Amino acid sequence: MTDVAIELLIAGPRNATFRVDAERYLHTRDDALAWQVREIDGALVAEGTTRTVVFSVASLEPGTTYLFHAGDARLEFTTRRETTAIDIRDFGASTDAQDNAPAIQRAIAVLAPGGTLRIPAGRWLSGPIFLKSDMTLVLEDGAELAAIANRQDFPILSSRHADGRILGTWEGVAEACYASLINAIDCRNVHLAGTGIIDGGGDRGDWWSWPKETRQGARRPRTIFLSACEDVTLSGLTIRNSPSWTVHPVFCKRLIAADLTIENDPDSPNTDGFNPESSSDIHLVGLHISVGDDCIALKAGKRSLLGGPDRPTEYVRIENCLMERGHGAVVIGSEMSAGISDIAIRNCHFKGTDRGLRIKTRRGRGGTVANIHLADSLMEDVATPVAVNSFYFCDADGRSDYVQSRSPLPVSLETPSISSITVKNVTVFGARTAAAVFYGLPEAAIRDIAFENYTVSFAPDAEAEVPEMASLLLPLRHAGIVAENAVFSRLVRLSPVSIHPAQD
């Protein structure tokens, strides 16, 4: 094979993650690609095949230079140096223990900066653990870190630090939450890697029976919670069975998540896959997500008397991801009061989600959503491929006249703004309701919408249904681009021609 394009995404001390032929394929290749890792002198270290564009290689040595081979292409790379490596078993962890959190926490406490904590093969039950800066956590092949069932053994994280900074949020508001299985708070240079499994224990205990409530004054935990962290990588792991959102970075900067599998029961409530909130410089690449709610949801806090994050989410790249079965593939909002901008979604495959690209907000949220770009992607069996809704009926007053009125209201700080949405080189098979829907506020139209080379075909057995969560909407079947209070800047090469919008 020739003309193979190779990119090194992450090099940890013992694992490396690569992207191969990212422009030629989406998430999955048409055929298997053989690869090898060799030492500089030519000795074979590892070999295999991949059917995915992004994949990881484990069991490497720290601080070592290797050659990666794929087809006729070569790439030299060096693994991260490691000061020390310790095994959780050396601190009392056991596959027979009912809770290994104390043993794992003892190991983390003594781990030197730049060190690696190893979780070997076996099923390790654990309560919440807390990482620290300058460390690597590796789940080796066959390892499973599984949350215990009894929430009485879960600590509760306050909504704020002692100095008043927001520590954690629930749907965009500062609230106390149960600690997650893996937590990193105010950490720098943290790396989670390996080929093992992180099981959040959502099906154990009672987590899924009170999705919108509290117990002991606290909300449900995530599986991985990252608060005010910088320079974080996650690679190679399977993360599953979350009590609520699966991976939740809030106030984070410079995070890369690559080659993750995120799996939750389709009937589990609000178990989103990956939810960056008030975070910047985020790269999500090669993720395979199949969950009970949104696959990827970008958020930026909510106006509330309790207070919420006041930082925007910006500069997010989502590439070569496969998103299946969720309510939405890539969703922006509905918590977006601090603003969400500069989002690039490329070479992704949306399959069987209710909606593809979805932006949702309402009066009362304020904030700006801008510069959203979806390109070079495929959607299959997605009911509504593109949905932008300024009348989302969330919260107790969601169906009130204030939120749902189609008469113009005065523009204020509570008026959301949506602009600069580009959809280019996107193919849709099996849409059901419409090619796209845009429901803008009469006082704040959705502006600067561009479609170029957008091809849509519809499922012949589709039945009419309401395409978005708002009042006063008519059911749709095989509609084109439906636009209310929306302004288009560019419409080029739309197929079939019936998807040209009718504008009010």
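Q: Which backbone oxygen does the side chain of R355 reach?
A: A polar contact is a pair of N or O atoms within 3.5 Å; within protein, one must be able to donate a hydrogen and the other to accept it, and residues adjacent in sequence count only if both atoms are side-chain atoms. Here the side chain of R355 reaches the backbone oxygen of P467 at 3.3 Å. This is a predicted model, in which local features need pLDDT of at least 70, side-chain atom pairs count only at pLDDT 80 or more, and totals for chains, interfaces and linings use all residues. Residues are numbered from 1 along each chain as its sequence is written, and side-chain values use heavy atoms, with hydrogens and water left out.

Q: Is R355 buried or exposed?
A: Buried means under 20% relative accessible area, exposed over 50%, partly exposed in between (1.4 Å probe, protein chains only). R355 has a relative accessible area of 11%, so R355 is buried.

Q: How is a pair of aromatic rings described?
A: By the distance of the centres and the angle of the planes. Rings of Phe, Tyr and Trp (its six-membered ring) pair if their centres lie within 6.5 Å; planes under 30 degrees apart count as stacked, over 60 as edge-to-face and the rest as tilted. The count comes to 15 aromatic pairs. For W35 and F68, the centres are 6.4 Å apart and the planes at 20°, so the pair is stacked. W35 is buried at a relative accessible area of 10%, and F68 is buried at 0%. The pair F451 and F488 is tilted, with 6.5 Å centre to centre and 35° between the planes.
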